[in-house]
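The sequence and structure come first.

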Amino acid sequence: MKKLLHYIPALIWMAIIWGFSAQPSLRISDTNWADFIVRKTAHFVEYFILFHLYIYTLQKTTHISKSKILLFSLIFAIIYAITDEFHQLSVVGREGRVRDVVIDSFGALSGWLLARR
């Protein structure tokens with residue numbers, strides 16, 4: 001039971017991402033370029049954080065090597081990015097975009113590069 005508690009931060013963060021994805025419109029600014037930059041930066045940061053939360057969960061709940069934890073965390077983050085974009089296909093006013101999966105993946109990959117050091 002105690003191990004299950006270590007899943008809570010990642011699950012909460014995943015729910016937050018899912019909740020934002022369920023919003024019909026997330027316009028941040030009246031300026032198109034500023035809105036684009038803020039939203040894509042948010043994608044990057046969301047998945048950078050999610051990657052690190054997966055690391056935390058796996059470190060606390062498994063006995064696998066650090067390199068496998070980093071690899072699995074990266075894979076899980078990318079899979080979640082893909083499922084989140086599929087989710088957005090069912091939200092009125094939203095679209096699932098490969099570009100967003102790439103940005104999300106770069107956020108997770110940046111976390112992986114930082115964690116390797």
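The protein has five helices and zero strands, where helices (H or I, at least four residues) and strands (E, at least two) are DSSP runs numbered from the N terminus. Read from the N terminus, the order of elements is α-α-α-α-α. This is a predicted model, in which local features need pLDDT of at least 70, side-chain atom pairs count only at pLDDT 80 or more, and totals for chains, interfaces and linings use all residues. Residues are numbered from 1 along each chain as its sequence is written, and side-chain values use heavy atoms, with hydrogens and water left out.

**Confidence**
- The mean pLDDT (the predictor's confidence in each residue, from 0 to 100) of the protein is 92, and 96% of the residues score at least 70.
- Where pLDDT is low, the predicted coordinates should not be read in detail.

**Overall dimensions and packing**
- The C-alpha trace spans about 45 × 30 × 20 Å along its principal axes.
- Of the 117 residues, 36% count as buried (under 20% relative accessible area, with exposed over 50% and partly exposed in between; 1.4 Å probe, protein chains only).
- Of the contacts (heavy atoms within 4.5 Å) with a separation of 6 or more, 71% are between residues 24 or more positions apart.

**Surface and charge**
- The protein exposes about 7400 Å², and carbon and sulfur atoms supply 71% of this area; accessible areas come from the Shrake-Rupley method with a 1.4 Å probe, and for residues only the protein chains shown count as cover.
- There are 13 positive and 8 negative charges, and their mean positions are 14 Å apart.
- Lys and Arg count as positive and Asp and Glu as negative, while His and the chain ends are not counted; the place of a charge is NZ of Lys, CZ of Arg, CG of Asp or CD of Glu.

- A10 lies in helix α2 (residues 8–21) and is buried, with a relative accessible area of 4%.
- Leaving aside neighbours within four places in sequence, A10 contacts L50, L53, Y54 and T57.
- A10 and H52 are 42 residues apart along the chain, with their C-alpha atoms separated by 8.8 Å.
- D100 is in helix α5 (residues 98–116) and is buried at 4% relative accessible area.
- Not counting residues up to four places away in sequence, D100 touches K40, H43 and E85.
- S105 also lies in helix α5, and with a relative accessible area of 16% S105 is buried.
- S105 and R94 are eleven residues apart in sequence, and 20 Å lies between their C-alpha atoms.

**A loop residue**
- V92 is in the loop between α4 and α5 and is exposed, with a relative accessible area of 72%.
- From C-alpha to C-alpha, V92 is 8.8 Å from S25, and the two are 67 residues apart in sequence.
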